[in-house]
Amino acid sequence: MFPKVRLNLAAASIVLVTSLGLVACADKPKEEYPSFGISLNIPDSMTGGKSTSAKPTTYAGDLGCDYLGASEAEPFKNGYNMTKFTVGVMASWTCIADRILGAADQLAADGVIHAATENDAADPLYDPTSPTHYSVTQDSATQKTFRLYYNFEHAFPPTANMDVPGFYVSWDANDATNITQGKLIIDAADVSGVNVSTTDQPIAMRMDFEFTTAQKSVDMAIQFGAGNVWADGMRLNMVEDLNAAASDASITALGRMQMKQQFATVAGVSEIPTFELMTVSDAAGNGAAVALFTDVGLAFPDIGGGVLLGDYIFTKDDKYYFNSTGTYE
């Protein structure tokens with residue numbers, strides 16, 4: 001019932017990287033694009049580990065960024081499941097972002113809007129999932145911005161000051177791959193080529209990252225389409241302490257989901273539940289997860305004989321401890 005937050009946007013990303021490869025790195029496999037080190041050193045116990053399938057089954061897998069996470073059919077089974085579900089999403093997207101920056105950095109930062117490939121909106125064979133134009137600008141001595149545009153004819157290209165790109169990434173780096181900060185924004189309606197606003201799938205994503213010698217911090221917000229009856233979106237933040245001792249907390253994850261309604265209808269209950277998550281782990285993958293559900297409605301059935309057990313609002317504080325092997329209690 002809950003949206004598969006990896007697949008739709010990740011589908012767009014494999015198209016992005018493939019398109020960039022055609023333009024900038026046709027002679028390089030994607031594994032050889034330079035890395036900006038955006039991916040955090042997240043233990044497998046927090047993500048389920050990477051997929052080891054010889055044949056990738058998802059778009060993220062094609063990029064080498066597919067994390068197993070938790071079953072998307074039961075992401076709220078317990079606090080630990082929710083940790084793997086949310087942190088697995090973050091792990092996939094930081095990996096994907098690193099691939100995208102590595103490919104985009106191969107392009108000349110001349111500020112010109114170029115035709116991305118032969119894909120042309122005027123062509124009867126136009127592929128709406130593939131970009132039509134791109135640009136790379138050198139905004140300062142350390143900052144670059146990359147934009148991808150969709151659904152434009154080659155004869156009428158987008159203009160820098162008037163048209164909004166479907167994909168935008170900007171970053172600062174002290175040297176070739178030593179990134180200090182940046183942001184990545186995807187408009188899924190543009191990138192997918194279809195109207196996704198009424199679906200239950202993600203329609204927009206923003207990721208902000210800031211790196212220092214002491215820590216890496218990544219903040220990600222995902223907006224769901226209006227067709228998602230459960231939630232408007234989710235927010236994830238992860239911090240890696242680069243100076244933590246081996247036995248100290250080196251990874252902290254915070255999550256929040258903005259819900260729309262109760263999981264089950266309860267007469268007279270107007271409160272909307274909230275969901276929050278906090279997880280900490282040491283570098284080896286030993287840690288604790290707390291999932292907090294607030295204002296959850298619960299209606300007990302009529303057991304007969306005029307006996308009513310009542311309707312309730314409760315808060316559930318779900319704590320779990322896990323180790324590096326993924327065992328939890």
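1. Burial and overall make-up. In this predicted model, buried residues account for 46% of the 329 residues in the chain. The accessible surface amounts to about 15,300 Å², and carbon and sulfur atoms contribute 52% of that area. Among contacts with a separation of 6 or more, 57% are between residues 24 or more positions apart. The chain holds five helices and twelve strands.

2. The sheet. Twelve strands form an open sheet with antiparallel pairing, in the order E1-E2-E3-E4-E5-E6-E7-E8-E9-E10-E11-E12. Strand E1 (114-115) and strand E12 (311-322) stand at its edges; each has a single partner strand, so one side of each lacks a neighbour in the sheet.

3. Pairing from E8 to E10. Strand E8 (residues 231-241) is joined to E9 by nine bridges in the antiparallel sense. Strand E9 (residues 251-259) in turn runs antiparallel to strand E10 (residues 274-281), with eight bridges between them. Leu236 stands opposite Gly255 in E9, while the bridge partner of Gly255 in E10 is Leu277.

4. The E10-E11 hairpin. E10 and strand E11 (residues 287-299) are antiparallel and share eight bridges. Within this pairing, Thr279 has Ala289 in E11 as its bridge partner. The two strands form a hairpin with five residues between them, and Gly285 in the turn has a positive phi of about 105°.

5. Phe263 belongs to the loop between E9 and E10. Its relative accessible area is 32%, and Phe263 is therefore partly exposed. The C-alpha atom of Phe263 is separated by 7.6 Å from that of Val296, although the two residues are 33 residues apart along the chain.

6. The helix across the sheet. Helix H4 (residues 79-104) lies across a series of strands: strand E2 (133-138), strand E3 (143-149), strand E4 (167-173), strand E5 (179-187), strand E6 (202-211), strand E7 (215-224), E8, E9, E10, E11 and E12.

7. The surroundings of Asn237. Which residues does Asn237 touch, not counting residues up to four places away in sequence? They are Met90, Ser217, Val218, Asp219, Thr252, Ala253 and Leu254. Asn237 itself is placed in strand E8, and it counts as buried because its relative accessibility is 18%. A polar atom of the Asn237 side chain lies 3.5 Å from the backbone oxygen of Val218.

8. Aromatic pairs. How many aromatic pairs does a search of the whole structure find? The search finds seven. One of these is formed by Tyr80 and Tyr328, a tilted pair at 5.0 Å centre to centre with 40° between the planes. This pair links distant parts of the chain, since Tyr80 is in helix H4 and Tyr328 is in the segment after E12, 248 residues apart. The two partners fall into separate burial classes: Tyr80 counts as buried at 1% relative accessibility, whereas Tyr328 is partly exposed with a relative accessible area of 34%. Phe209 and Phe211 form another tilted pair, with 6.1 Å centre to centre and 35° between the planes. Both Phe209 and Phe211 are buried. Ring pairs also link Tyr80, Tyr320, Phe322 and Tyr328 into a cluster.

9. Positive phi outside glycine. Asn151 has a positive phi of about 65° although it is not a glycine. Asn151 is located in the loop between E3 and E4 and is exposed, at a relative accessible area of 52%. Asp295, also a residue other than glycine, has a positive phi near 60°. Asp295 lies in strand E11 and is partly exposed, with a relative accessible area of 29%.

Note on methods. Residues numbered from 1 in each chain as written. Predicted model: local features only at pLDDT ≥ 70, side-chain atom pairs only at ≥ 80, totals over all residues. Heavy atoms only, no water. Pairing = 2+ DSSP bridges. Helix = DSSP H or I, 4+ residues; strand = E, 2+ residues; numbered from the N terminus. Buried < 20%, exposed > 50% of the residue type's maximum accessible area, 1.4 Å probe, protein only. Contact = heavy atoms within 4.5 Å. Areas by Shrake-Rupley, 256 points an atom, 1.4 Å probe, with all protein chains shown as cover. Axes fitted to C-alpha atoms, helices over the stretch in contact; angles between N-to-C directions. Polar contact = N/O pair within 3.5 Å; in protein donor to acceptor, adjacent residues only side chain to side chain. Phe/Tyr/Trp six-rings, centres within 6.5 Å; stacked < 30°, edge-to-face > 60°.
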